[in-house]
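Please read the following points with the model open beside you.

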Amino acid sequence: MIAHRGHPRGPALMSRRRRWLTYLTLGGLWTTGALWLVLRYGFQDAGEFGATPHPLQPWALRAHALFAFGTLWLGGLLWAVHVAPNWRRRHRRNSGIVSVAVMLLLVGSGYLLYYVADERWRLATSTLHWVLGLAALVPFLVHLFRGRIHRDHDQRPR
């Protein structure tokens, strides 16, 4: 069914496969980042010359970087099949804007952590990155569940 503005009614939904790819990639990104934080701040051993990192800490960071690269690719996919088609509909636009803004801040702070060696800014950038990273779960879940609530409401018989 075509609405009067020339676009289909309702949101442009992603296929089940793309949704699960999104959940797997973003879930892996969030989980590996949280794991790195736990290992970094919760499981350091006292060594002869100070605190020594947990042996799994570098592996958690490597896994986080792998998921981060996947998330960059996923962002392009989501923009094409989800964000752009839904923009005119204004469906969940506010939660989508917040989710995209948080993701862009995470990409920027991740870039700075990886490529900028200025130690004066490293602690602040790192703290910003992990605080935003942990908090990013909230706008994502709001966006996800608001969509399900609207979708369930729209599918009820009238």
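1. Contact here means heavy atoms within 4.5 Å, and helices (H or I, at least four residues) are DSSP runs numbered from the N terminus. On those terms, W30, A34, L37 and Y41 in helix 1 meet W130, G133 and L134 in helix 4. The residues of this contact divide into six nonpolar, one polar and no charged, where Ala, Val, Leu, Ile, Met, Phe, Trp, Tyr, Cys and Pro count as nonpolar, Asp, Glu, Lys and Arg as charged, and the others, Gly among them, as polar.

2. This is a predicted model, in which local features need pLDDT of at least 70 and side-chain atom pairs count only at pLDDT 80 or more, whereas totals for chains, interfaces and linings use all residues. Residues are numbered from 1 along each chain as its sequence is written, and side-chain values use heavy atoms, with hydrogens and water left out.

3. The pLDDT, which is the predictor's confidence in each residue from 0 to 100, has a mean of 84 for the chain, and 84% of the residues reach 70 or more. Among the elements of the chain, helix 1 has the highest mean pLDDT (94) and helix 5 (residues 137-155) the lowest (72). Over residues 1-6 the pLDDT is below 50, and this stretch has four contacts in the model beyond near neighbours in sequence. Where pLDDT is low, the predicted coordinates should not be read in detail.

4. Helix 1 (residues 16-42) and helix 4 (residues 119-135) pack at an angle of about 130 degrees, with their axes 10 Å apart; the axes are lines fitted to C-alpha atoms, for helices over the stretch in contact, and angles run from 0 to 180 degrees between N-to-C directions. That makes helix 1 oblique to helix 4, since angles under 35 degrees count as roughly parallel, over 145 as roughly antiparallel, 65 to 115 as roughly perpendicular and the rest as oblique.

5. Helix 1 and helix 2 (residues 57-87) pack at about 150 degrees, with their axes 8 Å apart, and that makes helix 1 roughly antiparallel to helix 2. The residues of their contact divide into 17 nonpolar, nine polar and two charged.

6. The axes of helix 3 (residues 93-115) and helix 4 come within 9 Å and cross at roughly 145 degrees. Residues of helix 3 including V102, L105 and S109 meet residues of helix 4, among them R122, T125 and H129, and the contact divides into six nonpolar, six polar and one charged.

7. The structure holds six aromatic pairs, counted where rings of Phe, Tyr and Trp (its six-membered ring) have centres within 6.5 Å, with planes under 30 degrees apart taken as stacked, over 60 as edge-to-face and the rest as tilted. The rings of W20 and Y23 have their centres 5.5 Å apart and their planes at 85 degrees, so the pair is edge-to-face. Both residues lie in helix 1, three residues apart, about one turn of the helix.

Notes:
Helices (H or I, at least four residues) and strands (E, at least two) are DSSP runs, numbered from the N terminus.
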